[in-house]
4 protein chains.
Amino acid sequence: MAGTGNEQHVRAMFARSDFTERLGVKLDALGDGWCETSLTTNDSHRQQHGFVHAAVLYAIADHTAGGAAGTTVPTGKDVITVENKIAYLRPALADRLRCRGEVLRTGKNLIFSESEVYAVKSGEEKLVAKLSSTLAVIENKIS
Amino acid sequence: MAGTGNEQHVRAMFARSDFTERLGVKLDALGDGWCETSLTTNDSHRQQHGFVHAAVLYAIADHTAGGAAGTTVPTGKDVITVENKIAYLRPALADRLRCRGEVLRTGKNLIFSESEVYAVKSGEEKLVAKLSSTLAVIENKIS
Amino acid sequence: MAGTGNEQHVRAMFARSDFTERLGVKLDALGDGWCETSLTTNDSHRQQHGFVHAAVLYAIADHTAGGAAGTTVPTGKDVITVENKIAYLRPALADRLRCRGEVLRTGKNLIFSESEVYAVKSGEEKLVAKLSSTLAVIENKIS
Amino acid sequence: MAGTGNEQHVRAMFARSDFTERLGVKLDALGDGWCETSLTTNDSHRQQHGFVHAAVLYAIADHTAGGAAGTTVPTGKDVITVENKIAYLRPALADRLRCRGEVLRTGKNLIFSESEVYAVKSGEEKLVAKLSSTLAVIENKIS
């Protein structure tokens, strides 16, 4: 479970984020400019129509796009979300969510990344949401 | 606690949304084309820097913009989020969040609404997030 | 036609922007954190259905949100668009467009602003587009 | 230059769009769910810093995402932009712009598509803008 300083920083980001941890977001894999996560859904993630709640899809999408961005900043730096747009492509009927984040462009002050959320149901996978993110590079104030 | 059919529908939307209810989002007031909510923050809403988590701000903003939209559809119809953009204007240091949603334009098939999230801390209030939303009008499948 | 250093900078921004000038975008008024513009439409602004083209609405909305942002930066600084979201609320049937931009939050590195585009037709005015913008503060490289 | 009914419709969309044609946007290729365009830049496309104007990048990105969407609707239908988000990843220093649009999801009423704009300069190509689009399916009113 070694990795570059950046990868270790992203692992720490996930470990310290109580909100997404309590939600059930797991960090599955990451590398330079990308990050993969997943979440096993239960009733607490669903809304009135039985679909995964828009805010749950957002939480995993935002955190994964941020994880991808975090792999590209130097040691001593951190990332913070400036804005996100999320499009809901289909209702999410899911046993499990899978998410992949990728960096489009990393700069000294700003990073642009994206993430795609897939709903996995009875072994089939469908793209249900896509997020487009702007992040700012800030000083790392944790640990 | 009477109201138009639309207002009753939005009250039902809030009552049935387990995810936002568990988060602590309260419906405070609503009228034709607008909706106001609030949330008393606790440690479970915060991220690693002590600020309210981006996904919590999103959840209240999305739900409130949706509530505002819901007040404008005829009986028998419901609304579903198509896409949202949220801008994070400042880190949210808050005892309480207050949110107001407003409809910009309501149509037969699509509704455009917005919401603003304010962080309330020691009696002072700051605008911390703004959401811009597109919603689709669908058949009401609940109740 | 005097004004603060910032106002003069925004007037210079408009004067030097050939693309929007050729399009017909006029700077009507500006103050601290806001900017108003207009455009008299002609056939060259219309698309295949006779409505003002989405890209024309975008051009005036982007430029006006940028003008509002520009009024809030110190002398020697300039602004550049990081990202925009624009929602098209109604088809724009217009003799003239009117646009107002406002700053939501101005910071050392980033500015958040918005603009609203109104279509004026036979004396009546309708909100046709709303833009939400993130801008970066950069060194002013134009004299 | 044959093609499916949809492809012919998209060719007609481009032929009838005076604004983008006057701007210099050329339709290069298209297929089911995708569209490619280009634009040879000149001084009229540049802003005060010598870069291609944000509104020009937007115009080609919007039109190409719309072209991709247009290939997926049945005969007798057309598409109209509901909202777009565009992120400006780098300043666009370009002799030529190249753009590719792709559909993420096509439905009966709504289509989600994306486009990427590349700046080509001295034979080198850089991704300079990415657009994320929601479109509505409407009746085709142009023969």
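Q: Which residue of β3(D) stands opposite C:Ile86?
A: D:Asn84 stands opposite C:Ile86. This is a predicted model: local features need pLDDT of at least 70, side-chain atom pairs count only at pLDDT 80 or more, and totals for chains, interfaces and linings use all residues. Residues are numbered from 1 along each chain as its sequence is written, chains are lettered from A and ligands numbered from 1 in the order in which they are written, and side-chain values use heavy atoms, leaving out hydrogens and water.

Q: What makes β3(C) and β3(D) a pair?
A: Strands pair if DSSP finds at least two bridges between them. Five bridges join β3(C) to β3(D), so they count as paired. They run antiparallel.

Q: Why is the sheet called open?
A: Twelve strands form it, in the order β1(C)-β2(C)-β4(C)-β5(C)-β6(C)-β3(C)-β3(D)-β6(D)-β5(D)-β4(D)-β2(D)-β1(D), with antiparallel pairing. Strands (E, at least two residues) and helices (H or I, at least four) are DSSP runs, numbered from the N terminus. β1 (26-31) of chain C and β1 (26-31) of chain D stand at the edges, each with a single partner strand, so one side of each has no neighbour in the sheet. From one strand to the next, the twist averages 25°.

Q: How do you know that helix α3 of chain C packs on the sheet?
A: Contact means heavy atoms within 4.5 Å. Helix α3 (residues 54-70) of chain C touches β2, β3, β4, β5 and β6 of chain C together with β3 of chain D. Its direction makes about 140° with that of β3(C). Axes are lines fitted to C-alpha atoms, for helices over the stretch in contact; angles run from 0 to 180 degrees between N-to-C directions.

Q: What is the area buried between chain D and chain C?
A: It is about 2,600 Å², and carbon and sulfur atoms give 61% of that. Buried area is the accessible area (1.4 Å probe) that two parts lose on being put together, summed over both.

Q: Which element gives the most to the side of chain D that touches chain C?
A: β3(D), with nine residues. The contact takes 30 residues from chain D and 30 residues from chain C.
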